[in-house]
Amino acid sequence: MVSGSYSNLLDLASGDTSTFGRVGKRLPRVMTVAGIISELDDDNCNSLGRGLLQLKDGLGEDVEVIYVGCLREEIDPSEQDDVAQTLLETFKCVPAFLPPDLFTRFYHGFCKQHLWPLFHYMLPLSPDLGGRFDRSLWQAYVSVNKIFADKVMEVINPDDDFVWVHDYHLMVLPTFLRKRFNRVKLGFFFHSPFPSSEIYRTLPVRDELLRALLNSDLIGFHTFDYARHFLSCCSRMLGLAYQSKRGYIELEYYGRTVSIKILPVGIHMGQLRSVMNLPETESRVAELMDTFKGQTVLLGVDDMDIFKGISLKLLATEQLLMQHPHWRGKVVLVQIANPARGRGRDVQEVQSETYSTAERINAKFGRPGYKPVILIDTPLPFYERISYYMIAECCLVTAVRDGMNLIPYEYIICRHGNEKLDVALQVNPSTLKKSMLVVSEFIGCSPSLSGAIRVNPWNIDAVAEAMDSALGVPESEKQLRHEKHYRYVSTHDVGYWAHSFLQDLERACRDHLRRRCWGIGFGLGFRVIALDPNFRKLSVENIVSAYKRTKNRAILLDYDGTMMPQTSINKTPNPEAIGFLNSLCRDPKNVVFLVSGRDKTTLTEWFSSCEKLGIAAEHGYLARLNQDEDWETCVNVADFDWKQTAEPVMKLYTETTDGSTIETKESALVWHYQYADPDFGSCQAKELLDHLESVLANEPVSVKSGQHIVEVKPQGVSKGLVAERLLSTMQRKGMLPDFVLCIGDDRSDEDMFEVITSAVEGPSLSPVAEVFACTVGQKPSKANRPCVPNGYGENARDNTWVKDPIMHWIH
């Protein structure tokens with residue numbers, strides 16, 4: 001009897017009450033977390049479920065795999081410990097027991113009524129189509145994910161183990177695990193489609209799910225289309241841009257790198273072949289050969305749900321027999337309809353339409369001894385399904401939307417056969433094997449099956465013609481297509497998929513121990529800030545102490561994004577900000593400089609009441625020490641003739657990019673696309689950058705991209721010039737700085753950070769100078785401190801913290 005007081009179920013498997021594997025070298029382990037355990041080894045399900053229980057085949061002998069999931073069946077509480085012990089010892093499975101009501105609301109409620117239809121492009125336009133969003137079902141979904149998280153925490157060693165979460169049932173699980181273990185090695189794989197951003201953003205909890213997924217280290221998808229849709233959602237809803245580095249797609253999320261992997265899952269070759277070798281399979285193949293003697297069998301294997309396109313397949317078969325009467329009496333469609341996993345009126349409607357269509361076709365074209373459609377709607381043993389694969393001349397998959405669908409893979413391997421089955425099929429073992437596939441272009445396996453005939457399942461006529469073409473393909477071509485598919489499927493099995501995913505997960509997690517991590521946010525808004533080891537969290541106490549004990553202070557402040565949030569529509573400084581600057585400037589120990597990319601006219605107007613404030617405009621091209629001084633150019637520029645070349649190019653892109661504008665400065669031209677479509681604006685910015693670099697190649701200018709901008713400015717102009725000028729001016733006046741505070745938020749501020757940090761060992765600073773280079777937000781930077789002070793705004797976009805702590809120092 002297993003005691004419920006044990007905290008680590010793996011201890012129980014060994015019968016040891018000591019901590020499992022915590023002494024000495026441990027073998028690496030993979031915790032694979034996948035929805036419902038009882039679904040994973042169900043003969044009625046596709047090979048994906050069975051394959052998940054065979055992940056170990058691709059992970060090596062030295063890797064232990066533990067499966068965490070829930071059971072569809074209700075287990076009496078008094079028996080749960082015994083069941084858990086049996087599952088652990090026999091299958092290496094750790095069950096999470098869910099109350100029946102909670103399971104129903106989680107699985108049949110939120111998963112099947114909301115997520116599953118939406119991810120298959122079905123919007124709840126009426127109560128009959130998926131139902132309206134139900135907050136109580138969402139709460140059940142979150143509760144189940146929390147139960148799974150607790151179960152994983154019982155068995156995980158976060159320093160060594162990897163956690164691999166599967167599919168949309170557990171999308172918020174990464175947040176719970178990351179909150180408990182900031183450096184957990186966490187991968188997530190989507191086995192379902194991921195919809196376009198136009199569909200996904202209709203989900204009321206869209207941000208919560210996206211942010212939860214981004215708490216993973218690696219997110220996998222079957223196809224690039226699914227990954228592209230996910231990246232588009234991240235861009236449009238969270239403002240995150242992705243980049244490709246040496247073949248890997250990556251997102252930066254609060255300093256963490258989230259990798260994106262595209263790799264379709266495979267089937268378990270060993271399991272499939274073992275069933276093919278069963279005597280039952282051989283005898284059943286022989287029976288089916290006699291049953292369909294003289295007929296050509298077309299095969300469909302699908303779940304009875306609205307997305308598998310069974311009725312479309314039947315209509316195409318009807319069209320085939322109408323348009324090509326020579327196939328009547330010769331062609332038979334065997335449709336194996338597995339029971340639906342969901343519930344509801346839509347399933348009943350699919351069943352009703354399927355039965356009525358099959359009856360109509362059989363009544364119209366059937367005759368004694370011949371039925372053109374054979375519908376099998378009872379559960380079949382796996383060996384019997386394989387037997388149908390063996391005798392089918394062509395396999396048809398007409399799903400209107402499906403994450404992967406491994407039926408074509410199973411069909412290809414089965415058609416390759418073995419010696420015993422060749423005898424049952426009455427074929428010469430030396431004869432080259434053959435197969436034909438007609439597959440929907442809307443399923444995940446379609447891109448990898450280049451020899452298949454791809455169809456739009458909604459186009460009934462086109463599907464019927466594809467079926468006719470498949471039946472009429474010469475034998476030699478069928479053999480070539482089969483060989484091509486067989487090579488791919490046999491080498492890209494579930495073991496290859498698992499090994500490749502874990503390999504990339506290890507790569508994605510290799511910097512975990514090197515990074516400094518902080519968790520911020522509450523509930524599902526939790527995320528981890530990961531920063532370079534040189535970064536230190538900004539401590540208000542330390543900076544206040546340094547400020548009070550120093551006498552010559554240099555303070556450089558960026559404006560947009562630092563003193564003023566980037567998302568603010570009104571960029572004019574408010575009275576509070578003006579008051580804070582004047583308070584700093586009134587202290588004779590301070591020299592304060594506002595360093596901005598804006599033009600001098602705007603800055604002069606906005607800060608006219610700050611008489612002692614130093615201002616640098618246009619990223620350091622122009623500067624003045626205070627209001628009594630004249631503006632001076634920091635860089636000598638011979639002419640600005642290059643503007644005559646750059647401005648027409650920018651105007652061209654402004655006309656073709658709605659929401660973009662051109663800002664003309666004395667020293668620079670800036671193209672802004674903050675209010676353009678995110679994807680199109682980013683694409684146009686890259687094109688504009690290349691275009692300008694080409695036409696201005698021989699001009700003394702630099703062309704750079706920034707946060708929603710493309711800027712052309714004279715070479716040598718940077719905010720670093722302002723920092724150098726300020727430090728040298730204070731040195732000449734005998735005010736050797738012993739306190740330097742520099743705060744910025746974007747790429748243009750990095751030059752300031754570099755100047756002040758490199759000046760630490762030089763003559764322009766006091767030998768005991770306190771230097772604080774601070775970046776607002778969480779990202780790679782040359783600053784030595786991120787601006788996430790204790791007790792101030794948790795959201796990096798809410799940059800109001802800058803004035804609050806400084807006002808605290810003053811008062």
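This is a predicted model: local features need pLDDT of at least 70, side-chain atom pairs count only at pLDDT 80 or more; totals for chains, interfaces and linings use all residues.
View 1. R201 is partly exposed, with a relative accessible area of 34%. Setting aside residues up to four places away in sequence, you will find R201 touching R206, R236 and M237. Look for C233 as well: R201 and C233 are 32 residues apart in sequence, and their C-alpha atoms are 7.6 Å apart in space.

**View 2. Here is S196, in the loop between strand 5 (185-189) and helix 8.** Is S196 buried or exposed? S196 is buried, because its relative accessible area is 15% and buried means under 20%. Leaving out neighbours within four places in sequence, S196 is in contact with Y121 and H229.

**View 3. Helix 13 is mostly covered.** Helix 13 runs over residues 310-323, and eleven of its 14 residues are buried. Among them are I310, L312, L314 and L320, along with K313, E318 and Q319. What covers these buried residues? The cover includes strand 10 (296-303), strand 11 (331-338), strand 12 (373-376) and strand 13 (394-397). Helix 14 (345-365) and helix 18 (460-472) also belong to this cover. You can check the span of helix 13 too: at 1.5 Å a residue, its 14 residues should span 20 Å, and its end C-alpha atoms are 20 Å apart, so the two values agree.

Note on methods. Residues are numbered from 1 along each chain as its sequence is written. Side-chain values use heavy atoms; hydrogens and water are left out. Buried means under 20% relative accessible area, exposed over 50%, partly exposed in between (1.4 Å probe, protein chains only). Contact means heavy atoms within 4.5 Å. Helices (H or I, at least four residues) and strands (E, at least two) are DSSP runs, numbered from the N terminus. The expected span of a helix is 1.5 Å times one less than its number of residues.
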